[in-house]
Amino acid sequence: MSLLNKLLGNEDDANYVDTKTMFGRTKVYDVETDEGDLLRVLDVRGTWQSAAYVDEGNDKLAFGYHQVFDQAFNAPVDITRSLMLGGGALTYPRHVVSCRDSIKVDVVEIDPHIIELAEKWFFLDRLSPVQRKRLRVTCGDAVQFLNDAVADGLSYDLIVNDLFAAREPTEALMSERGLRLVHKALTSEGIYVANVVSAIRGRNAKPLQSVLDALEAVFSQIEVVSLGEDEPYSVDNNVVFATNGRYSLADAVFTEPF
């Protein structure tokens, strides 16, 4: 069963938004999970791109692969500056600045309408003024942002790639050329994390294999955490970690259960 099927309950009557954004028909609505919790969902062309628990006291990340992203913080790297490529409803960046003191998060999201929906419907007002100041959102193209950062001499301890157009990952940063640009924007011990939607076996495993081939040309250490390990021929989320750091990436990634 896929991650979304595990989470999906019955759609609530609270359908706040039904509009068109850059990547198609987009809705914001609440759903009730099997556990009785309410989730606020950003649905783009029938795919959940972001979700957050409505209850102010529930800080758990709604998506399993976002929980896996957090394993990057187990690495022996002083992560003070991070970059998220593809912000969606800003649920993961909001989590980072709210749970980890002093970390600054830059977010690049290409669709201004999505940013507006995130600001209105996805609880950014729960951040303190200090936390909100550490979250900087730029409306623009991720590749251009990286090129500008490199040209300006900026570097990041952590870069997270969650770029999607509905179900399809964007290709620009999945190639060797794109990953070399990512590498230039990382500090020497920095970590790159990407979500790749793919099977891990069979004909539907090509997206993951292509990304791994490109990563191997750029990074010395690569680790993969697959959320579809129990059904390897089915398409699911796979979180890829990569670094040229001198520490053990495997020890960092697999320190805690997911």
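**Note on the predicted chain**

1. Of the contacts in the chain (heavy atoms within 4.5 Å) between residues at least 6 apart in sequence, 64% join residues at least 24 apart. This is a predicted model: local features need pLDDT of at least 70, side-chain atom pairs count only at pLDDT 80 or more, and totals for chains, interfaces and linings use all residues. Residues are numbered from 1 along each chain as its sequence is written, and side-chain values use heavy atoms, leaving out hydrogens and water.

2. The chain holds nine helices and 13 strands. These are DSSP runs, numbered from the N terminus: helices are H or I of at least four residues, strands E of at least two. The radius of gyration, taken over C-alpha atoms, is 17 Å, close to the 18 Å that the globule rule (2.2 Å times the number of residues to the power 0.38) gives for 258 residues, so the chain is as compact as a globular protein of that length.

3. The C-alpha trace spans about 50 × 45 × 35 Å along its principal axes. Of the 258 residues, 52% count as buried. Buried means under 20% relative accessible area, exposed over 50%, partly exposed in between, with a 1.4 Å probe and protein chains only.

4. Now one residue. Leu186 sits in strand 11, residues 186–198. Its relative accessibility is 8%, so Leu186 counts as buried.

5. Leu186 and Asp157 are 29 residues apart along the chain, yet their C-alpha atoms are separated by 5.9 Å.
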